[in-house]
Amino acid sequence: MNSLQINKLFKCLIHISENSNSKKRLLSSTSSLSLQPNLNLNSSLLCQPIFKRNLFQIAIDGPAASGKSTTARLVARKLNFEYIDSGAMYRTITLAALRENLNPTSLVDIHKIINIARTSKIQLITTNNGTPPSAHTSPPQPLVPKTRVIFNEEDITEEIMLPEITRNIMGIASNPGVREAIVSRQRAMAECNGYNGYNGSNINYDKEEKEKNSNSKRKQGVVMDGRDIGTVILPNANLKFFIIADPKIRAERRLKELKRIKEMENLEMSEVLADLLKRDKSDIERKISPLKMADDAILLDTSGLSIEEQVERIIKLALEKMRKSDNMRSDNSDKHLEKL
Ligand SMILES: Nc1ncnc2c1ncn2[C@@H]1O[C@H](COP(=O)(O)OP(=O)(O)OP(=O)(O)O)[C@@H](O)[C@H]1O
Ligand SMILES: Nc1ccn([C@H]2C[C@H](O)[C@@H](COP(=O)(O)O)O2)c(=O)n1
């Protein structure tokens, strides 16, 4: 699929969305869940029932570099919600596989990779003190909260963003066994205040689970971004968004971001665009949990928006929905708004 075809696909998505009278916005009416017979949906095993509660869930999906994680982090900070970066988990498994020289196309190796996905300890820690976004526009953009990724006690935040990981992620993220393991963990996180301690026994992380769920740290909702959040991970999310942007604009934004890394100063726009299109194609065409807009998602094209504008649109809708929602009393929703 080339840039023009991808553009056409997104234009088609926008067209359908704009012409839809119902709140159900897009694409196939088949639930992705029914297409995933191998997925183990029993996440209740992973989150201890006493910690479970009805968090307000916001699902954000879309293609690479469309602005999902920037938006999700800022929305989560403003609403004082938990933020879960689902892509970071696939990146972590990819890094672990590369380090151990495991090849996802080998039957023996893929079992080892699935075992890593099931049993390793992955912690996503999002702090409010953020970094500036790549876009140096006027007026200045808000600082974006950063997520540190800890894999078996090692901080791998920077390493998982290297191009080598991005290049190798497709073979891992399209494997049904890996997805089954990650899907269960991500569902548990969304139900359990971001707690992600499952290592096959649930015993080792009790202390962290209790800590995360202590009254002072309780969050009332969760924002999760990825490719299959609205369709597979959180099919009943209170709000779903599908964020897109023109491929060339996405590539320009990503280029600015990558050029900040010393070794990538000479990176070319054409290289970044080609990489994005390749990833889009693989994410859209893979059989299991493909990138697809949920029927009840709201389409948001960020091509002409500032970061603040896209965040505000989501916050506005979230507050409206929260006011109506049984999950939360209306006076609570405003209380949790923090200054961007
Ligand atoms: N409205 C915007 N205007 C300018 N730059 C933006 C806008 N939204 C996001 N960006 C920038 O675009 C880049 C990509 O955004 P982000 O990382 O949020 O995308 P993403 O969809 O999460 O990507 P991926 O799926 O690859 O992780 C970042 O550098 C971000 O600062
Ligand atoms: N829910 C998800 C999230 C991510 N992936 C895969 C596909 C992406 O190309 C890759 C990296 O994600 P990013 O960090 O760029 O958001 O991980 C997925 O399959 N499902």
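Select the shell around ligand 2 in this predicted model, where three nonpolar, three polar and seven charged residues are found by class (Ala, Val, Leu, Ile, Met, Phe, Trp, Tyr, Cys and Pro count as nonpolar, Asp, Glu, Lys and Arg as charged, and the others, Gly among them, as polar). The shell holds 13 residues, the closest being R91, R179, D228, R279 and R286, and a residue belongs to it if one of its heavy atoms lies within 4 Å of the ligand.

A polar side-chain atom of S86 is 2.9 Å from a nitrogen atom of ligand 2, while an N or O atom in the side chain of R179 lies 2.8 Å from an oxygen atom of the ligand, and one in the side chain of D228 lies 2.8 Å from a nitrogen atom of the ligand. The protein buries 94% of the 440 Å² that ligand 2 exposes when taken alone (Shrake-Rupley method, 1.4 Å probe).

Now colour helix 3 (86-99), helix 5 (163-173) and helix 10 (269-285), the elements that give two or more residues to this shell; helix 3 gives the most, with four residues (helices are DSSP runs of H or I, at least four residues, numbered from the N terminus).

Finally, select I165, T166, I169, M170, I172 and A173, the buried residues of helix 5 (under 20% relative accessible area, 1.4 Å probe, protein chains only). Seen down the axis, they fall within an arc of 170 degrees, so they line one face of helix 5 (the arc is taken from the directions from the helix axis to the C-beta atoms).

Residues are numbered from 1 along each chain as its sequence is written, and chains are lettered from A and ligands numbered from 1 in the order in which they are written. Local features need pLDDT of at least 70 and side-chain atom pairs count only at pLDDT 80 or more, whereas totals for chains, interfaces and linings use all residues, and side-chain values use heavy atoms, with hydrogens and water left out.

Conventions: A polar contact is a pair of N or O atoms within 3.5 Å; within protein, one must be able to donate a hydrogen and the other to accept it, and residues adjacent in sequence count only if both atoms are side-chain atoms. Buried means under 20% relative accessible area, exposed over 50%, partly exposed in between (1.4 Å probe, protein chains only).
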